[in-house]
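Hi,

Here's the structure I said I'd pass along.

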Amino acid sequence: VEFGDFERPFTSPAAQVSVQSKSNQTLKQVIEKFYPKRYKQGCTDEQIKQLCQRLSTKWMALRGRATADCVRIYFTVARKWPFFGAKLFATKTIAPPLSDTAPIWLAVNENGISTLEYSSM
């Protein structure tokens, strides 16, 4: 999906149906390609529909912006995450009290090493 591929229908009702189905198909492709599968596993159809609506709204807010502006916005948001720039490793615990838990993420960055819950990523 390239910049500008998504267009929300603003035309007549007759033409709106085909444009809307194209837009919905594009949104589904974006979610399938970029949205983590483990987040979709427990979602109902209604939750997926709400996700599509939120994505559509956010995408429309970027309409008309240059690619460089979109990249700048993305990095502004990403840099707020405390582990931005860290190398992430999927690991399993081997200590007896924690050995029955789910896998964890090991985040390594210049400030040290952190453990993150696997399900939170």
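The protein has four helices and three strands, where helices (H or I, at least four residues) and strands (E, at least two) are DSSP runs, numbered from the N terminus. Read from the N terminus on, the order is α-α-α-α-β-β-β.

Before you go further: this is a predicted model, so local features need pLDDT of at least 70, side-chain atom pairs count only at pLDDT 80 or more, and totals for chains, interfaces and linings use all residues. Residues are numbered from 1 along each chain as its sequence is written, and side-chain values use heavy atoms, with hydrogens and water left out.

On burial, 18% of the protein's 121 residues count as buried. Buried means under 20% relative accessible area, exposed over 50%, and partly exposed in between (1.4 Å probe, protein chains only).

Now the insides. A nonpolar core here is a set of buried Ala, Val, Leu, Ile, Met, Phe, Trp, Tyr and Cys residues joined through side-chain atoms within 4.5 Å. The largest one is made of six residues: Leu27, Val30, Ile31, Leu51, Cys52 and Trp59. Both α1 (13-34) and α3 (45-61) supply at least two residues of this core. Another core, of five residues, lies apart from it and includes Phe83, Ala86, Trp105 and Leu116.

As for cysteines, Cysteine 52 is buried, at 14% relative accessible area, while Cysteine 43 is partly exposed, at 28%. A search of the whole structure turned up zero disulfides, a disulfide being a pair of cysteine sulfur atoms within 2.5 Å.

Cheers
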